[in-house]
Each structure stands twice: as C-alpha cells, then as structure tokens.
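Please read the following account with the sequence and the coordinates side by side. It begins with a single strand, widens to the sheets and the chain, and then turns to individual residues.

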Amino acid sequence: MAVVRATPADPTVGMPPVTGASGDQRAMPPELGPDSLAVLSGPTFLYSNARGDVPPGSIGGLVHLDTRLISGWTLTVNGGELLVLRAETIEHYSAQYVLTNPELPGLPPNGLAVRRLRYVGDGFHERLELVSYQPEPVQAELRLAVDVDFADLFEVKSVVRDRSAQIVRGHAADGSELCFSYRNGDFTAETRVRCATPADRIEGDDLVWDLHLRPRESWLVDLHVPLAPGLGVVEPVRGDIIDVIQGRAEDPLRRWTEDRAVLRSDSQALECTVRQSRNDLAALRLDLEVKGQRILLPGAGLPWFLSVFGRDTLITAYQTLVAGPALAKGALLALARLQGDACDDFTDEEPGKILHEVRSGELTRTGQKPYGPYYGTADATQLWLILLSEYWRWTGDDETVRHLRDNAVAALRWIDEYGDRDGDGFVEYATRSPEGLGNQCWRDSPDGVCFADGRIPVLPLATADIQGYTFDAKVRLAELFDGPLGDPTLAARLRDEAGTLYKRFNRDFWVDERGGYYAVALDGDKNVVDCKTSSMGHLLWSGIVPPGRADAVVRQLMSPDMFSGWGIRTLSAEERLYRPLGYHLGTVWPHDNSLIALGLARYGYRAEANRISLAMIDAAEQFGHRLPEALSGADRQRLLFAIPYPTACSPQAWAAGTPLALVRAMLGLNPVDGRLVLDPAIPPEVGQISANRVRAFGEEWGVEATGSSGRVWLERS
C-alpha cells in the first residue's frame, strides 16, 4: 500500500480536524450583491446589501471581535422589501441608504421616502426615517426582522453551527428592546437591540411599528446595539446619528490623520489614493488584549481578517515607514511581547517564533481553534527582523533596538534551530497541528504552491521568498550587531551565514529552462517546484538575486504571461493551474506588487517599477481610490477594466500600505547615515510629487521631486 504523505492541501494526514469545519470561503458578493456596503470601526463591522439589509443565512451581519452579534436585519413595509435609489458610505464607519417603496398593498410606488442612516463606534447605531408623499393619509406596517446566531467568524466563512437551542431571549414587553444571550462554558455573548421609539409590538424576533402618516408627515426611530465594555475600537466616534453623518461629531480619525505626513502630486489619482490609504489604515486600528498584553495595531482586512496578523502587520509597517515610524515601532514591540517561548503542537508555537494570527471568537476561546495566538508562519520571524532593521535605518533609535536585542537573538535562533528543520541551510515549514495551515508562506492557500504541471508538492516546503527574507534578515542584523547591538563577532558570523545561503539558494532554486527563472520552492524530497510565480520579485526586494541574473528575472516578471496590465500575477499564465481568479494562482495582489516594485527599484529597473506603480494607481482609481486585497489576473487589454477578486478584503491593510511603498519606489527615497537621500524617477503621468512632515531621525522633512530631479530639506527638529 502506498504511503500517503502530507501536502499543503492535506497537511495533517491521519489527524482529523478538531472542529470538522471546512473553512472554505463562501461566495461574496453574490449573497449580498455587488453593491454590498460595510461600515467599520476597528474589530467591529456591519456588512449588508445595498438596501441596508442583512438577509438571514448570508455572510453579512454585525460582527465584533470575531463574533457575529446580528445575523439578520431586514426592513420591510407592508410585507415588501424596499427599492434602492442610492446607498453610499460616508466615512469608513458611517453610511446612508436612500430607499423608496415598490407598489405594495395600500401603497402606490414611490409613495414613501425612506432613509437609513447608520454608523459603528461605541456600538451600532441606525436611524430609520420615513416621509409620506401621498396626498391622503396612509397606514403602513414597518417591520424590522432581527436574527442572531452568535457565529464565530470562522463559521461565517464556512458552515454555521446551530446554536438556537442555547440562545436565551429576554425581549422587553413594552417593545423597547430585544435581548439575546448565549453561553458556552466561559464564553458568553449578548446582543441587545434598543429602540428609542418602542415598537408597537414584538412578533417573535421582529420589531413592528404600525404607522399612520399624514401627507408630508415624517417619522423616525433610532436603534442602538451596544457593545460589551472593554477593548476593541480605538477611539470610536460618538454622537447623534445625524451629527455623525454630517461630520459635526468629534471624529478621532481626523486628529490621527492630521498628524501624519501629507502628500501632494500633479496626479490627482495618486494623491487621492494615498489619502484613502491613510484613512483606511486609521479605520483598521485595533485595541486588543492577547495573553494579557494590550496591542494597538491595524487589523489585516475587512471582513475576514479584522485581527492582528504577523506577516500582514509587518509588511504594512514596512510599506508605511515612509510616512512615519509609529506603526513600525508599535508592531515591533507588540509582536515581540507575544513571541513564542515554548513548543506547542496545537498552535505551532516554537521558541523565538513570531505569531501568524490572533482571534477572539468562541472557537478560539474554547480551544477548538489554535488562534489564541497561532504561530503557523515561516516568514513572520524574518520579516520582524527586517522591520527592526528598517525601523532603525529610518529613526536611528538605538534604545528601542537594544531593548529588543533578546527578541532578535531568539528570532535568529528560531531560524537556525526550528526553521531549518533538516539542517540543509534552508527554512522549511510543515504544521504539527490538526487545525494548522498547510502553506505557511504568504501564498497560504492549499494550492498556493504547486508544480508547473499542477501537482501539489509534499511537505515540508522551503519556498523561495522565505529564503530571500532569511538572507536579508541576516545581512540586516549583521549591520545592527556591528552598530547599536555591539557584537562584531556575531555580525561577522551572520554575514558568513548569509553568504552561504546566497550561494546555496542560487545553486538550488535556479531553473535554466524557459529563459531562466527561480523556482517557487523545494519540496520535502528536495525536488524543485518549478512554477513561475511573483515570488521572483520578492527575491529582488530581499537582494538575494545576483546582478547577472536580474535581467532574466525582470524579463520574466514583465512578460505577458506574468504582467496582466494591472500588475504582476501571482502565477504565470503558462502554468497548468493558472486561473485569473485563483487566490494565489493568477490573481494580482497590490502588496505583492509593491514589494516587487521596491525590488525592481533596488536593482535599478526604474521604468519597470514605474509601470507597476502606474498600473496600481489606475486600478485604485476604479475602486474609489481604494485598492482591494486582490484583483483578477485577466488581461487588461481584453477586459478594459479591473475586476476585484470575489471575496477580496476591502479595506485591507497591506493593500492600503501599497501606495506609500510605490511612492517610495518612485522617489527612490531611502535613509542613509542619519539623512534622507532622494533618487527620483517620477513618470511623466505623475508629474511632481511633494510631501511634508515626513518623519525620520526624530525630525520632520520635506521632499519634492519631478522626473529625475528633486530635493529634500529639514522642516523642523
């Protein structure tokens, strides 16, 4: 009998999952429609269709800290659904829905003007407004049907367990409140829907108002779903709904954004995209407690990843260093406090390892999922070291670097003792958890790493991008040990190790066929996994590519099978598993392209970097200046406009960080020996770029550039 071996598609052979849930993402936007809207504040969001409704059984609802507090929220008049005239978000936390009625019993079409105003801040707030434009008095039944399932977000993505028998209802007899509560061991959740104007009656879980409206008479009701006290939203907006919608309420976001660097450009598209990115990063800020530690960092993305992720947070912090060091310092300190210190098979924790993901829902808190936190990533540790170095280069903050010395040494030890599982000099991964991830690089879908002929490799895997990060981390840490960490002997050792890895990598990962390129991985039998992928661009970013091979790599990346017109595809269109909407099998990811652009600029390929930057700016313009998590890899010339990946997070942290990284690539802006150095290559389509309040070395700088000329000046100390 043939032995069944673990692969990323089946990483836990012989170990049934604890929860039994598939984890496959459900379709979106089809369930809520392509015009679905979300209001968001930190770890709290409400996703609905364009009417503002959340149909029961959909992926929509009110979610706070990974628990769905409302799973159905449907408004009807005289038994009929309303028609959408227009619906838009106002700020990331607020939205307005303008509706009217179709022909209904007792109501001709367009007889009522209906408006829904909502925001999330210190809870979820909604105002329902009706105005009658009938010449005669009308009677109307307004019904809000509410459903609550207390599903864990992991279940919302796949299959929701029926908790109805455990949900206790305590609705107010006077129609002023619906109350739902649930307990499973130490895990508790509660949803209260409070009505400023009590319903005339409660039928099941429906709030019902019997309205008698004279001509031109208006009526409204305010609804509030409070959140449990504690951590979650960073400085939530508060106030009367109309004041929030019209911008009269105090908005902590404005204070946060006004203190950040300001970019201006002849390209309105670029300027608007950078401004949207700044606002999205503010919207994603979280205030969480993990293992007794308080963490203030951006969540990875709405709706599935509103929590702290190691890889996503570190790359976002790297991308945004050009705008200031605060996020990078916060990420370094927070992730260091949660660095692994023991071996735990269920969570894939190992000493020195930086976490992958943190969750707060029932499945995690009751021990069915390993996300409290989960450490199944083989690249976050290296990325933490890279960020530590880059933070120091931008700030000269010796004190923070020395404070994190033990964490850096532990991270290096993890790379050598746990990351390199078989002593061959490469970092490999394979999960030990029945709930673990099969792929533990950024291409973390089950088929994200594959052979050109479509086969899925056996574990453990050593992917190319991880080796590049490891090389870069050791080179950078040698600089720190020669400098503020004061250990030249260790610095010399790290340079030797980086040099050895450089040689081994370029010997074992290079493929001479098809014009020459780097393989995506080595599998568990040290076979070359020969797909052409965007990971080659990460190798340029890390500096592990010899100058003599850079031309071949750049030709591959910019060839028609890799460059879609909107960006570099994750997988070459030549490969068997290529699909324009394959999650890591042909889509275009903005963050991926930002690292590629920085890598191209590093090796002097400025025109190619600009081609990617312009494509990304064009794509952002098609989505209200917000780049989604991923785009279809379909050819731009064939479809003419950009297509989002169906379940793309938006906003998403490292997509929001992408425009800032692209600006850095165009400016050629780098910190060198306590000053900022400019080497611009601004494309004519962008014109001039200028920035004020750029923070570096404890001072504020100004930057201005057009074409290949520019200047940097010190604004104030």
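**An enclosed strand and its surroundings**

In this predicted model, five of the five residues of strand β2, which spans residues 44-48, are buried, so the strand is largely enclosed by the rest of the structure. Its side chains divide between two directions, with T44, L46 and S48 pointing one way and F45 and Y47 the other way, and all of these residues are buried.

Strand β2 has pairing partners that can be followed in turn. With β1, which covers residues 37-41, β2 pairs in the antiparallel sense over five bridges, and within this pairing L37 has S48 as its bridge partner in β2. The hairpin formed by β1 and β2 has two residues between the strands, and in that hairpin G42 takes a positive phi near 60 degrees. Strand β3, made of residues 61-64, is also joined to β2, here by four bridges and again with the strands running antiparallel; in this case the bridge partner of Y47 is G61 in β3.

What do the open sheets look like elsewhere in the chain? One of them contains five strands in the order β6-β5-β11-β16-β15, with antiparallel pairing. Strands β6 (80-81) and β15 (201-203) stand at its edges, each with a single partner strand, so one side of each is left without a neighbour in the sheet. Inside that order, β11 (residues 138-147) and β16 (residues 206-213) are paired in the antiparallel sense over eight bridges, and L144 stands opposite L207 of β16.

A further open sheet is built from eight strands in the order β7-β8-β9-β10-β17-β14-β13-β12, and its pairing is likewise antiparallel. Its edge strands are β7 (83-89) and β12 (168-169), each of which pairs on one side only. The pairing of β12 with β13 (residues 177-184) is antiparallel and extends over two bridges, with R169 standing opposite F180 in β13.

Turning to the chain as a whole, the protein has 18 helices and 31 strands. Its radius of gyration is 26 Å, close to the 27 Å that the globule rule gives for 717 residues, so the chain is as compact as a globular protein of that length. Taken along the principal axes, the C-alpha atoms fill a box of roughly 85 × 65 × 50 Å. Buried residues account for 62% of the 717 residues, and among contacts between residues at least 6 apart in sequence, 63% join residues at least 24 apart. The chain exposes about 26200 Å², of which carbon and sulfur atoms supply 49%. It carries 73 positive and 98 negative side chains, and the centres of these two sets lie 2 Å apart.

At 1% relative accessibility, H538 counts as buried, since the cut-off for a buried residue is under 20%. Once its neighbours within four places in sequence are left aside, H538 is in contact with W442, D465, Y469, D592, L595 and I596. Of this group, L595 is 57 residues from H538 in sequence, yet the C-alpha atoms of the two are 6.1 Å apart in space.

A cis peptide bond joins G372 and P373, with omega about 5 degrees, and P373 lies in the loop between α7 (362-365) and α8 (380-395). Another cis peptide bond joins L459 and P460, with omega about -5 degrees, and P460 is placed in the loop between α10 (405-419) and β22 (462-463).

Which residues take a positive phi although they are not glycines? One of them is D348, with a phi of about 60 degrees, found in the loop between α6 (326-337) and α7. Another is K526, whose phi is about 65 degrees and whose place is the loop between β25 (521-522) and β26 (528-529).

Conventions
Residues are numbered from 1 along each chain as its sequence is written. This is a predicted model: local features need pLDDT of at least 70, side-chain atom pairs count only at pLDDT 80 or more; totals for chains, interfaces and linings use all residues. Side-chain values use heavy atoms; hydrogens and water are left out. The radius of gyration is taken over C-alpha atoms; the globule rule is 2.2 Å times the number of residues to the power 0.38. Buried means under 20% relative accessible area, exposed over 50%, partly exposed in between (1.4 Å probe, protein chains only). Contact means heavy atoms within 4.5 Å. Accessible areas come from the Shrake-Rupley method with a 1.4 Å probe; for residues, only the protein chains shown count as cover. Lys and Arg count as positive and Asp and Glu as negative; His and the chain ends are not counted. The place of a charge is taken as NZ of Lys, CZ of Arg, CG of Asp or CD of Glu. Two strands pair if DSSP finds at least two bridges between them.
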